[in-house]
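The following note sets out points for a colleague to check against the structure.

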Amino acid sequence: MQDSVFSLLPPLVAIVIAIWRKNALFALLSGVALCYLMTVNGNPIEGLTATVFGIGGVFSSLGNVYIVSFSLLIGALVTLMNQSGAVNGFINHLASLNLVKNSRQASILPTVIGTSIFTDTNLSMFTAGMASQKLFDHHGISRARLAYLVDSTCAPISILFLVNGWGAYVLGLLDGYSFDDPVGILIGTIGYNFYAIIAVALAYYTAFSGKVFGPLKYAESVIEDKQKTTVDHIAPAYIMWLPMLTLLIGTFILLWFTGDGDIRRGSGSFSVFWSVVTALVFLVILIMHRKLMSLAVIFKTILTGIKYMSPAVAILVLSFAFGDAIKALGTGVYVSQLINVEVPLYLMAPILFVAAAIMAFATGTSWGTFAILIPIAVPIAQQSGLPIEFLVAAVLGGGIFGDHASPISDTTVVASIASGCDHFEHVKTQLPYALFGGVLTLIIYILIGLSF
């Protein structure tokens, strides 16, 4: 069953269950269990044991532990900022500065933040989402639109401006070849990464025009009613923005430190985790200093925030476990073999884009997709004479597209968490935009391929 057509069954089952039952947790758990059941040739006892160890194995990676931990702590940070009145104070401060006076400017805020912080995707998503949730509620804009703007700027911009872990990872994949200038090749992919460019352009168009289409057009009242707040008191604005600034600056410093002076090679998960811890401690100190809440209430609020975030983090853990299980089953290897046939040169980039999209959509991860398909794209480029940057960019863009479209993608989950939006509401409302960008990208790749 491994490395065969049957290896497509678990991701297909997970996606069908996710769409049918609208339950990502059950869908991912089913996918993980089916994967490990297939790896032990259908033995139920061994399959159950392998599933338990597979999920537990997620925590054997220190990076995963950091990601899970800071995701929970982000819930504590957001809840504490909200309940202390700091968020209300931040909104009032923005209103007094006349920076955010209407719904258009409220939409522009997370879009700009999402494209400005490109050193770490999770950091940019959480920052853009946290800073904008209450503003969107105040101006009657749905959390679904916030999730779309966050998701469609943070991940695409990270793969365009590669001064981050994404760039270091892709550069590492290119280092296996005897290129004179691998960094130059990496930079060259930017101009060919049309899906990421289109995604960012669509986000900015949506933010500036206020025009939406598809399910997102009807998401306003659904999300607005679910996200009303009962916090009426107002705290000084600095109680929100000082910890946020600490979070940002701390992440940059730790990225520089862990990367030995090169933030591109720093540990994103380590940096964000300790920056969130620092920001949370700083927030508690500020609240205590202003006597806004007692220590007992602060502790209770932190636990409430962690509890609120737990279901989404459980999905995140299972998405990591699913990625490991899919790798063990060999689904990615099988999909990559499907494109190893003789085809016209002008179709090579579209095929790589579609293959990367399917793989990322089915597995919920673009990084695993890059690891499998870039080693295929480079030899194809070398043998065919097509620009290496062109085919590598097709893989990168396809991976981002698959992430955007997939209901089991970790970046989709993080965008939902950061925006306080229902996960399936986000998936449903973003999908038409992702499909539009994907189809347009395919057309462009075909036209460029015909010119070679």
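1. Asp137 is buried, because its relative accessible area is 18% and buried means under 20% relative accessible area, with exposed over 50% and partly exposed in between (1.4 Å probe, protein chains only). Its side chain meets that of Arg143 in a salt bridge, at 2.6 Å from N to O. A salt bridge here is a side-chain nitrogen of Lys or Arg within 4 Å of a carboxyl oxygen of Asp or Glu. Arg143 also counts as buried, at 3% relative accessibility.

2. On the basis of these values: this is a predicted model, in which local features need pLDDT of at least 70 and side-chain atom pairs count only at pLDDT 80 or more, whereas totals for chains, interfaces and linings use all residues. Residues are numbered from 1 along each chain as its sequence is written, and side-chain values use heavy atoms, with hydrogens and water left out.

3. How many salt bridges does the structure hold? There are two. Besides the pair Asp137 and Arg143, Glu425 forms a salt bridge with Lys428, with the closest N and O atoms 3.6 Å apart. Glu425 and Lys428 both lie in helix α21, three residues apart, which is about one turn of the helix. Glu425 counts as buried at 11% relative accessibility, whereas Lys428 is partly exposed at 42%. Side chains of opposite charge can pair when their charged atoms come close.

4. The protein chain has 21 helices and zero strands; these are DSSP runs, numbered from the N terminus, with helices (H or I) of at least four residues and strands (E) of at least two. Of its 452 residues, 56% count as buried. Among contacts (heavy atoms within 4.5 Å) with a separation of 6 or more, 78% are between residues 24 or more positions apart.

5. Beyond its neighbours within four places in sequence, its contacts include Leu202, Thr206, His426 and Tyr433.

6. The structure holds one cavity of 30 Å³ or more. On a 1 Å grid over the protein atoms alone, a cavity is a set of points where a 1.4 Å probe fits but cannot get out, and lining residues have an atom within 4 Å of a point. Grid points are joined across faces, edges and corners, and a volume is the space filled by probe spheres set on the points. The largest cavity contains about 60 Å³ of space, and its lining includes Tyr148, Ser152, His404 and Gly437. The elements giving two or more residues to this lining are α8, α11 (194-209) and α21. Of these, α21 gives the most, with four residues.

7. Phe213, Tyr346, Phe436, Val439, Leu440, Ile443, Leu447 and Leu450 form a nonpolar surface patch with about 730 Å² of accessible area together. Such patches join nonpolar side chains within 5 Å, taking residues with over 30% relative accessible area and no salt bridge. Val439 lies in helix α21, residues 423-451, and is partly exposed at 48%.

Key: Patches are made of residues with over 30% relative accessible area and no salt bridge: like charges are joined within 9 Å, nonpolar side chains (Val, Leu, Ile, Met, Phe, Trp, Tyr) within 5 Å. Accessible areas come from the Shrake-Rupley method with a 1.4 Å probe; for residues, only the protein chains shown count as cover. On a 1 Å grid over the protein atoms alone, a cavity is a set of points where a 1.4 Å probe fits but cannot get out, and a pocket is an open set with protein on both sides within 12 Å along at least five of seven lines; lining residues have an atom within 4 Å of a point.
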